[in-house]
Amino acid sequence: MNEAVVFSPTGEVDPLQRGRAEICAFVYKECRLADESQYDAWEALLDDEMLYWVPLGGSNPDPDSKLSIIADHRQRLRNRIAQLKTQRRLAQQPASPMRRMLANIEISPISHTETQVLCNFTLHEFRVQSTAEVQVWAGRYEYRLRRREEGLRMYYKRVDLINAGDALPSLAFLI
Amino acid sequence: MLPDIIMFSVISQTGLHAFGLQGFASFKTGEHLKMSTLEKRTIPTTSGTRAPSYEALIEHDRVHSSLYTSTAIFEDEMDRLFYRGWVFVGHESEIPNPNDYLTRMIGLEPVIMVRTKEGAVSVLSNRCAHRGNLLCPRQSGNARTFVCDYHGWTYSHTGELLSVPYRGGEAVDRSCLSLQKPARTDQCGGFVFVTFNPDSEPLGEYLGAAKGLIESTVSLSPTGRINLTAGWAKLHFQANWKMLPENSTDGYHAPFTHSSFLRTFAPNSQYEMLTQGEDERKSRAIDWGRGHVALDHVPSYERPLQWLGTTEDKVPEYVTAMEESYGPVLARKKLMEGPVHATIFPNLFLGEMNVAIFQPISVDECVLWSTPILLEGVTDSLNHRLIRQSQAAMGPASFLLADDSVISERQQVALEGRGGWLDLSRGLLREKRHEHMIESHISDETTNRGFWTHYLKVMQA
């Protein structure tokens, strides 16, 4: 995925490309802040309305009527971050060093102020707080972003792990 | 692994054999082993296939680390606990319609649990009688018969071999080639248990007091029926499976392991009681016998539905439905007392409004399955609340169990070295022994002692 802004022959930035670059920059930043467990900076990317959803897998996942791995609305996500910030959240004490890669990014407008971003990801997590092994997480992200006066904000992040229905180790970090 | 040289007894076809104890001064050999009845010799413990003298490893107030690290002990547990004893498989609500099936593990034995056309629950080994292929590779589905993908052998829901392609070559009677299945399958409150041991006691006898714990759980539904249909979260532990039953009814660790949770969530919640000091806490640890142990929070609840983190005025439909089903007095008692928090030996956990399964994988690997208990005959919003509470408590990204899993994994790392004894003495001086149960302070290791007492009995039987 090349996010270089393409210039028109007259030297003007193609507005579509400019929008695309801004959106990609947003999701890359979101991933970097999550990788580095920068909880406050990550939370600052969120809209007041939010669903942070990791389905369990299987057919017809639903955050309300089925069990999910995570189905946090804004308040629960606020609490999840508050627990991480106590410095006593043992499953992230110390926080896992992580790096994730995004690829196959597809961007589609939802409305004139909202955009959907679909992409694949791989995430390598060093489980430094327990087994000291590297855990690979892989799957698909769906973001929904909204343009606010202060810039883009995330109001939906869905994480479909390829092995969501299988046994998973502690997943206390921001995925 | 076990210490280099250790006192062993091995159950073999010829009986009990004991092996030399040297260089391990902390074992009190004379107290545990009746040498006159045992053949004495020394073996290297790296053979990995010998089961030890459990009396030497399990005392009333401590257990030895090799119980968590020995592959020989793990193999012995699969045989004695999971293949000879009664084991929980699943709940009948998971296969509501004829031909519905799911697949699970009993110890290391893959099984199928299926609803027959007649509506009965049948459990079968998930292994083709021909060449041992995993007959049913899916986690769940609906199938009129089970057809092996390898050579097309077809079986009924009760395991009979129905057909074999190319009949001309058949050399033996098909009736000899049924699927293996447990010796007995039985239910309590829709919870399906099996045993591969034809001589085992009836399920009711095995469950003992746990029968009442199951019945009290399902009676929180106005219809007396629960549904385990929301899906199972599976939390992987790089740790020995026995840490799951031990930790699940450990009433001591919460203020420490879960301090981040309590700081974040406890104020004004049903978890507030966990932040109380030792003298304020009213909940009890209970050993019901037969390895079934519980944390009893009933004495801590001061108002109805405290266990659900709500009040009667917020769920009026539920209160009314319960009163209509059980009458106002019994309904109020149930709404006051709430669900149980109990381990049913060896692999079932009734974790308040969650059901969990302890699945061993190897000596240092296991999985905790968990699902919320959905109530029949209540509003969707009440069941939604139960799903959200389960997500908060039990799964890989939960606010509680994710921390427990890391502690268990650290324990496993620490126990793999030279090892030693794990102390279980807490509360011995203050627990009260009654005829059918032992009770003590919530933080006392009465529950863990109850687990190990029964474990020792079964492993020596």
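Is A:N60 buried or exposed, and how many C-beta neighbours lie inside 10 Å? The points below answer this and consider other features of the structure, which is a predicted model.

1. A:N60. This residue has 7 C-beta neighbours inside 10 Å and therefore counts as exposed; the limit for that class is 12 or fewer. A:N60 is placed in the loop between strand 1 (46-55) and strand 2 of chain A. Its phi is near 50 degrees, a positive value in a residue other than glycine.

2. A:A132. A positive phi also occurs at A:A132, where the angle is about 60 degrees although the residue is not a glycine. The loop that holds A:A132 runs between strand 4 (114-126) and strand 5 (134-148) of chain A. A:A132 is exposed, with 10 other C-beta atoms within 10 Å. As background to these backbone points, most residues other than glycine have a negative phi, and most peptide bonds are trans.

3. Cis peptide bonds. In chain A, the bond from A:Q93 to A:P94 is cis, with omega near 0 degrees. A:P94 belongs to the loop between helix 3 and strand 3 (98-109) of chain A. In chain B, B:F345 and B:P346 are joined by a cis peptide bond, with omega about 0 degrees. B:P346 sits in the loop between strand 20 and strand 21 (348-351) of chain B.

4. Architecture of chain A. The chain contains 3 helices and 6 strands, arranged along the sequence as α-α-β-β-α-β-β-β-β. Its C-alpha trace spans about 55 × 35 × 30 Å along the principal axes. Buried residues account for 30% of the 175 residues in chain A. Of the contacts in chain A between residues at least 6 apart in sequence, 52% join residues at least 24 apart.

5. Contact between the chains. Chain A contributes 28 residues and chain B contributes 32 residues. On the side of chain A that touches chain B, strand 2 (68-73) and helix 3 (74-84) of chain A each supply at least two residues. Strand 2 of chain A gives the most to that side, with 4 residues. By class, the residues of this side of chain A comprise 14 nonpolar, 9 polar and 5 charged.

6. A helix pair in chain B. The axes of helix 10 (residues 316-326) and helix 11 (residues 328-337) of chain B come within 7 Å and cross at roughly 130 degrees. Helix 10 and helix 11 of chain B are therefore oblique to each other, since angles count as roughly antiparallel when over 145 degrees and as roughly perpendicular from 65 to 115. The crossing of helix 10 and helix 11 of chain B is right-handed. Helix 10 of chain B makes the contact through B:V319, B:M322, B:E323 and B:Y326, and helix 11 of chain B through B:P328, B:L330, B:A331, B:K334 and B:L335. This contact has 7 nonpolar, no polar and 2 charged residues.

7. B:A342. This residue lies in strand 20 (residues 341-344) of chain B. B:A342 counts as buried because it has 27 C-beta neighbours inside 10 Å. Leaving aside residues up to four places away in sequence, B:A342 touches B:A210, B:L213, B:T249, B:H292, B:V293, B:A294 and B:L350. B:A342 and B:I58 are 284 residues apart in sequence and 22 Å apart in space, C-alpha to C-alpha.

Note on methods: Residues are numbered from 1 along each chain as its sequence is written. Chains are lettered from A and ligands numbered from 1 in the order in which they are written. This is a predicted model: local features need pLDDT of at least 70, side-chain atom pairs count only at pLDDT 80 or more; totals for chains, interfaces and linings use all residues. A residue is buried if 20 or more other C-beta atoms lie within 10 Å of its own, exposed if 12 or fewer, and partly exposed in between; C-beta atoms are placed from the backbone. Two residues are in contact if their C-beta atoms, placed from the backbone, lie within 7 Å. Ala, Val, Leu, Ile, Met, Phe, Trp, Tyr, Cys and Pro count as nonpolar, Asp, Glu, Lys and Arg as charged, and the others, Gly among them, as polar. Axes are lines fitted to C-alpha atoms, for helices over the stretch in contact, and angles run from 0 to 180 degrees between N-to-C directions. Angles under 35 degrees count as roughly parallel, over 145 as roughly antiparallel, 65 to 115 as roughly perpendicular and the rest as oblique. A crossing is left-handed if the near helix is turned anticlockwise from the far one by less than a right angle, and right-handed if clockwise.
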